[in-house]
Each structure stands twice: as C-alpha cells, then as structure tokens.
Amino acid sequence: GMFITEAIRTSLGAGLLSAAALPVWSRLSGVRRTQWLNNQMRFWLAFGLALCFIMMLTASLIVRLIGPGADAGILAGAAVTLRYAALAVPGLFLQALLAVPSQAGGSYVLPGLASLIFNLPAVTYLACCGKDAQPAPLCLCFAGGSVAAAVVLLPGLKAAGWRPLIAAGHF
C-alpha cells in the first residue's frame, strides 16, 4: 500500500497533472483563472473518486495480474491492501492540482510542506507500531495524509487570487 500511494503521488505531483496544469494556470488571470481551477478541482476530484472505486472493485483482478502464481492468501491480503490504498487517490489528485498556483509563483514551500504532511501520519503510525504495523491502517494514514496535504495548499491558492465559486458569486 505504501509503495502504491507514493508512486501515484510522485507521478501526479512531479509529473503529468502538475506539468499539464502549470502552463494553463500561468496563461490565465483573474476570474478566468478561478473558474478554471474550480472546474479542474471538480473534475479531478470526480475522476479520483471514480478511479478509487474502480481500484476497489477490481483490486483482486489487479493483484492477480501483477502477481500471477502467488499464494491465494498473499493475493487476498494484497487485494485488501490495494482497496485501502485506493482511498488516497482522490486526495492525491487534489494535492497535485492545488500545488500548481504555488509552483507557478515560484514558491515551493507549501508544496514541500504538503509532501511532508502527506507522509507524516504514515510515518507516525510506523514509528508508534513498529513491527506490529498493519497494511490497512497504514493505507488509511496515507488517505488522511492526502486530504491533509490538499488542505495545507489552500493558503497558496488564496494568495494566488483563487476564490471558491460560492464566494465569487458564480454558484
């Protein structure tokens, strides 16, 4: 679970989503920028939730494809872990998108803090439980960390001029 969530976070934050969104954000200004970001937030949250549910529904198939010939007990445990790991996906999409305004402004403090916050619950759990740590609670720590990381990025959005649709009177 730890490797799956970290792989998704890294590819989104340092890769595809951020790289694609950065030039669009930089070209826009004012209300158009706010509208674009609000639309992107809705889309990527919905997409992340859909991907989460797909991963949860197909976890057994995915682990069988990745680990053909593995013991049935190991595959069953891996499928459970993957289902829990999938819960982090929506927050990871938001974290990648919400880091864009800070990155576009040349500030990497909040995105860096968000990365720390993403990992902090899991690291704390592992430090407290040690060898007794279990995959499901660890994945739940990553899910909570993904949401907390997205929340940490909100001040950077506000500083970049973003306002939610309701506050902007567009709702």
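How many helices and strands are there in the protein? Colour the model by secondary structure: the protein has eleven helices and zero strands. Keep in mind that this is a predicted model. Followed along the sequence, the pattern is α-α-α-α-α-α-α-α-α-α-α.

**The whole chain**

Show the C-alpha trace first. Along the principal axes, the C-alpha atoms fill a box of roughly 55 × 30 × 25 Å. Of the 171 residues, 39% count as buried. Among contacts with a separation of 6 or more, 76% are between residues 24 or more positions apart.

**The core**

Next, select W36, L37, M41, L97 and L98. The largest nonpolar core has 43 residues, and these five touch the most other members. At least two residues of this core come from each of α2 (16-27), α3 (30-57), α4 (59-66), α5 (72-86), α6 (89-98), α8 (109-129) and α9 (135-152). In soluble globular proteins, nonpolar side chains tend to be buried together.

Centre the view on L97. Which residues is L97 in contact with, leaving aside its neighbours within four places in sequence? They are L17, A21, W36, L37, Q40, M41 and W44.

**Helices α3 and α5**

To see where they meet, select C52, M55 and M56 in α3 together with L82, R83 and A86 in α5. By class, this contact has five nonpolar residues, no polar residues and one charged residue.

**A serine in α9**

Move to S146, which lies in helix α9. Is S146 buried or exposed? Its relative accessibility is 1%, so S146 counts as buried. Leaving out residues up to four places away in sequence, S146 touches A88, G91, L92 and F118.

**The cysteines**

Finish by selecting the cysteines. A search of the whole structure finds zero disulfides. For C129, the nearest cysteine sulfur is that of C128, 6.3 Å away, and C129 is in no disulfide. The cut-off for a disulfide is a pair of cysteine sulfur atoms within 2.5 Å. C141 is likewise in no disulfide; the nearest cysteine sulfur to C141 is that of C129, 8.2 Å away. As for accessibility, C129 is partly exposed, with a relative accessible area of 27%, whereas C141 is buried, with a relative accessible area of 16%.

Methods
Residues numbered from 1 in each chain as written. Predicted model: local features only at pLDDT ≥ 70, side-chain atom pairs only at ≥ 80, totals over all residues. Heavy atoms only, no water. Core = buried A, V, L, I, M, F, W, Y, C linked by side-chain atoms within 4.5 Å. Buried < 20%, exposed > 50% of the residue type's maximum accessible area, 1.4 Å probe, protein only. Helix = DSSP H or I, 4+ residues; strand = E, 2+ residues; numbered from the N terminus. Contact = heavy atoms within 4.5 Å. Nonpolar A, V, L, I, M, F, W, Y, C, P; charged D, E, K, R; others polar.
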